[in-house]
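Here's a quick look at the salt bridges in this protein. Keep the sequence and the 3D view open while you read.

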Amino acid sequence: MSATETALQILQKNSIGVMATNNNGTPNSRYMTFTFVESKLYTVAKKDSTAVTEIEANPATHILLGYEGEDVLKTFLEIEGHAVVTKNDVVKNQLLKKYPAVAAEELVVIQVTPTRARIMNKSGEQQEDVHL
C-alpha cells in the first residue's frame, strides 16, 4: 500500500484526533472530531471557543490522527495546516449529525487545508511525506 493510500485510510477510519493551535506563543491542544472532504479537514467548534479565537489570531495548526489503542507503534498521520473559520453549510450540517445536543447557531465550521502531511511509525520504517 502506498503512503497516500495509507494516509487516506487513516483519514477515513479515524475521525478523532488532536488539534494544536497557538495561544500567544504557547501550544494548546485539544481532541476534535474531523471529517475529510476534498483534500481538507473539517471540524466544528463553539463560535466563542478558545480554538476559534486562537485560529483567528494565528491560523497555523498541527493535527494527529490515527494514534489510538494499545499499540504504541501503530501508524498515524501528522498534519500541519492552515485553519480558517468558514460558513460551509453543507459540511456543517454533516457534522451537526454528530452533535445533536448542540444548537447549530452556536457552532462554526473550522476548515483545515493541509500544508504538510506525514505517515508516522510505519511499521518501524522512516516517516514518509504524503500529498493529500
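## Ground rules

This is a predicted model, where local features need pLDDT of at least 70, side-chain atom pairs count only at pLDDT 80 or more, and totals for chains, interfaces and linings use all residues. Residues are numbered from 1 along each chain as its sequence is written, and side-chain values use heavy atoms, leaving out hydrogens and water.

## A network around Arg-118

The structure has four salt bridges (a side-chain nitrogen of Lys or Arg within 4 Å of a carboxyl oxygen of Asp or Glu). Glu-78, Glu-80 and Arg-118 are joined in a network of them.

Take Glu-78 and Arg-118: their closest N and O atoms are 2.0 Å apart. Glu-78 sits in strand 6 (residues 76–86) and Arg-118 in strand 7 (residues 107–120), so this pair ties together parts 40 residues apart in sequence. Strands here are DSSP runs of E, at least two residues, numbered from the N terminus. Both Glu-78 and Arg-118 are buried (under 20% relative accessible area; exposed is over 50%, partly exposed in between, with a 1.4 Å probe and protein chains only).

Arg-118 also bridges to Glu-80, at 3.2 Å from N to O. That pair again links strand 7 to strand 6, 38 residues apart. Arg-118 has 8% relative accessibility, while Glu-80 is partly exposed at 26%.

## Arg-116 and Asp-129

Another salt bridge joins Arg-116 and Asp-129, at 3.5 Å from N to O. Arg-116 is in strand 7 and Asp-129 in strand 8 (residues 128–130), 13 residues apart. Arg-116 is partly exposed at 36% relative accessibility, and Asp-129 is partly exposed at 48%.

Note on methods. Helices (H or I, at least four residues) and strands (E, at least two) are DSSP runs, numbered from the N terminus.
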